[in-house]
Amino acid sequence: MSQQTNAAQMTGAKMVVQALKDQGVEVVFGYPGGAVLPIYDELFQQNEIRHVLVRHEQGATHMAEGYARSTGKPGVVLVTSGPGATNAVTGLTDALMDSIPLVVISGQVPTFLIGTDGFQEADTVGITRPCTKNNWLVKDPDNLAETIHQAFHVATTGRPGPVLVDIPKDVQFADGTYTAPKMAKVDHYQPRVKGDIEAITALVELIEQAERPVFYTGGGVINSGPGACQLLGELADSTGFPVTSTLMGLGAYPASGKSWLGMLGMHGLYEANMAMHDCDLMINIGARFDDRITGRVNAFSPNSFKAHIDIDPSSVNKVIRVDLPIIGDVGHVLEDLLRIWKSRGRKTNKESLAKWWRQIEEWKAVNCLAYKGSDSIIKPQYALQRLEALTKGRDRYITTEVGQHQMWAAQFLHFDAPNRWMTSGGLGTMGYGLPASIGVQVAHPDALVINVAGEASWLMNMQEMGTAVQFRAPVKQFILNNERLGMVRQWQQLLHGERYSHSWSESLPDFVKLAEAFGCKGIKVDHPDQLDDAIMEMINYDGPVIFDCLVEKHENCLPMIPSGNAHNDMLLPSDDVRAITGAGAALV
Amino acid sequence: MSPLHIQQGSSKHSAYELRDPNSEVLERHTLAVIVANEPGVLARVIGLFSGRGYNIESLTVAETDHKGHRSRITIVTVGTPQVIEQIKAQLGRIVPVHEVHDLTVEGASVERELALLKVEGKGDARIEALRLAEIFRANVVDSTLESFVFEMTGAPSKIDAFADLMRPLGLCEIARTGVAALARGGAA
């Protein structure tokens, strides 16, 4: 026993590495600096954990997000004090908004310097308190290992999210007793996962009678795991109820499935939004009634009975008042729901359902994604259609930046499995996609990982191409280059009298030369006839590629629910694009 | 479609006690929040209120269980029923928060606040201040020839009333602790 106790004595820095190993961590994304050198020294002396050296700490957090979203495991980041930690703030906020499990370990100045405005000192726990699920400053090496284990528990339990552990440098040097994961106290934080059976039974009764039902699914289904996605598929296919999904939930129900309506929301499909507006039973599964989804709140699905399955009680009744809340993990609730529905004879209102689908087919016939083709200019939608056709069936992962290209990707690329689509939804972080694609590729070295990007977003974290080259991550940067901040330009056209204030770049780099400078491959294409060959060249190249696809500069992303409008008041491609005035202009 | 056989406001079937869901009437609620006594937990609670734009009318905090590392934060807040429910759900989501009790809806409760009031005056005003203090059961805890410091405990409204009376009599400074509250009855 005493021997074991001795064995558990080690320095704080060693404990960090031991705790990561015991948590099953395979890779850490990080950047060294003065206040984390002891931990880096321990990393150097072992081979189990891989370290990916980023070029900027924001890149590390987005890589960890990409890793986490594509694997379902927490992403781990290691940064130094002060600027290292503050650079991680955007990624932490992004992960909080999109419920991505991240564990960020930051160095801190030694405890005796805290509060003296020491070199590279920042109040890291203070700064990151509102952008983490929880954070800790560890001042006693005896508490360090337990705190890291608790951090992993909190990040991955309940509604996932980012956590941060701030470790002063003297604590990294000091000796303490290591606590094994199973000895760590985590009993206090155990969110409820089983839904209330009476409420679930009530939902089954509604499912049996509903005339115009719709499943409105979100990222919570994906966070609940592949099992939950399978249950959703079974439920949707056996009831025959239509399924629409938020941006975050794409892939939870297969896009090739017979019940699939496509994405809903501001740039969602007409049929999806109309179904939401006209339904009589809305079953929200792991989504949160985001303002991009609801449009005008007081006109949101006015005549429906709304059920909401969510693991986070604060999501319920936050924006939209629901009639039947079910607090629990999506997987557990769907399992009970299916079991009860089957045991009661798998009933649905078939006659009304057939009529409902006939109505939906009419909406589908509107063909809301139509766009004017061109023989001479690459339309961004066409580029994505070709990308979809040429990569379909491959082991493919897609990340995106933020803007028009992101919405077109959500509209034109199809996902038949979860964890294949990584995008910054809640925070809308430009610069997310490139580092995220590297994180995905690190987790799936043999997969085809494509970042669908706009040139403006992509430039925000382009330094990470250095990381991609150094770590042989053959990520494909598919840049739809319109030389504009496309979404900003579109809003200025619609809302600000076509005054295009600072929404274009006059000095973009030559992306092919940029690729060469980074030591990877650059491909430029500006004609529709060359597109297929260029895409195949990109796919077949064994290494990172920057693909500069020059597209139509003034294309608008449609359909669109202008801010402040209801779901049944969409701007369609067939409409004359008109100026938006009134209350909607004040909204974002 | 037949309506659900669930009564609105039945907490058994809904996530929380749902009062009139669409009421826009502002309600004052006293919340007792039991938290782990660790650094930053108060900042987390206050940050939630400022970050999401909720009101704090009064907030008190002190350790209540040294061995169990528990503190009790008592918050008086004002909002529509929907906002109050959100506040409770958001508080419950904070990792070091162990329990959230809405004393306003969980049955009867007692609320007390302690105040210290400094009143300066001479002659009749001084005598009147002392006389009123007796009526309000305020104690004199400090005295000079030209001032008193009164200590009084009671519901916030009682302290308000006393302060209003003292103002013309020379009230020059007041310190209040904010509300501490407990549910009535035996069970914790």
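In which sense do strand β4 and strand β5 of chain A pair, and over how many bridges?

**View 1. Two paired strands of chain A in a predicted model.** In this model, which is predicted rather than determined by experiment, strand β4 of chain A, made of residues 75-79, and strand β5 of chain A, made of residues 102-108, pair in the parallel sense over five bridges. Within this pairing, A:Val76 has A:Val103 of β5(A) as its bridge partner.

**View 2. The open sheet of chain A.** The strands β4 and β5 belong to an open sheet of six strands in chain A, whose order is β3-β2-β4-β5-β7-β6 and whose pairing is parallel. At the edges stand β3 (50-53) and β6 of chain A, and because each has a single partner strand, one side of each is left without a neighbour in the sheet. On average, and with direction ignored, neighbouring strands of this sheet are turned by 20 degrees against each other.

**View 3. Helix α8 of chain A against the sheet.** Helix α8(A) lies across β5, β6 and β7 (162-168) of chain A, and relative to β7(A) it runs at about 165 degrees.

**View 4. The largest nonpolar core.** This core holds 179 residues, and those that touch the most other members are A:Val16, A:Val77, A:Leu102, A:Leu203 and A:Leu232. Helix α8 of chain A, residues 141-156, gives the most to this core, with seven residues. In soluble globular proteins, nonpolar side chains tend to be buried together.

**View 5. The surroundings of A:Leu232.** When neighbours within four places in sequence are left aside, A:Leu232 is in contact with A:Thr217, A:Val221, A:Ala252, A:Tyr253, A:Ile285 and A:Leu334.

**View 6. Where chain A touches chain B.** Here 28 residues of chain A are in contact with 23 residues of chain B. On the side of chain A that touches chain B, at least two residues each are supplied by β6 (134-137), α10 (197-209) and β14 (324-327) of chain A, and the largest share, four residues, comes from α10(A). Sorted by class, this side of chain A has 14 nonpolar, five polar and nine charged residues.

**View 7. Confidence along chain A.** The average pLDDT of chain A is 96, and 97% of the residues score at least 70. Over residues 1-5 of chain A, however, the pLDDT is below 50, and this stretch has zero contacts in the model beyond near neighbours in sequence. Where pLDDT is low, the predicted coordinates should not be read in detail.

Note on methods. Residues are numbered from 1 along each chain as its sequence is written. Chains are lettered from A and ligands numbered from 1 in the order in which they are written. This is a predicted model: local features need pLDDT of at least 70, side-chain atom pairs count only at pLDDT 80 or more; totals for chains, interfaces and linings use all residues. A nonpolar core is a set of buried Ala, Val, Leu, Ile, Met, Phe, Trp, Tyr and Cys residues joined through C-beta atoms within 7 Å. A residue is buried if 20 or more other C-beta atoms lie within 10 Å of its own, exposed if 12 or fewer, and partly exposed in between; C-beta atoms are placed from the backbone. Two residues are in contact if their C-beta atoms, placed from the backbone, lie within 7 Å. pLDDT is the predictor's confidence in each residue, from 0 to 100. Ala, Val, Leu, Ile, Met, Phe, Trp, Tyr, Cys and Pro count as nonpolar, Asp, Glu, Lys and Arg as charged, and the others, Gly among them, as polar. Two strands pair if DSSP finds at least two bridges between them. Axes are lines fitted to C-alpha atoms, for helices over the stretch in contact, and angles run from 0 to 180 degrees between N-to-C directions.
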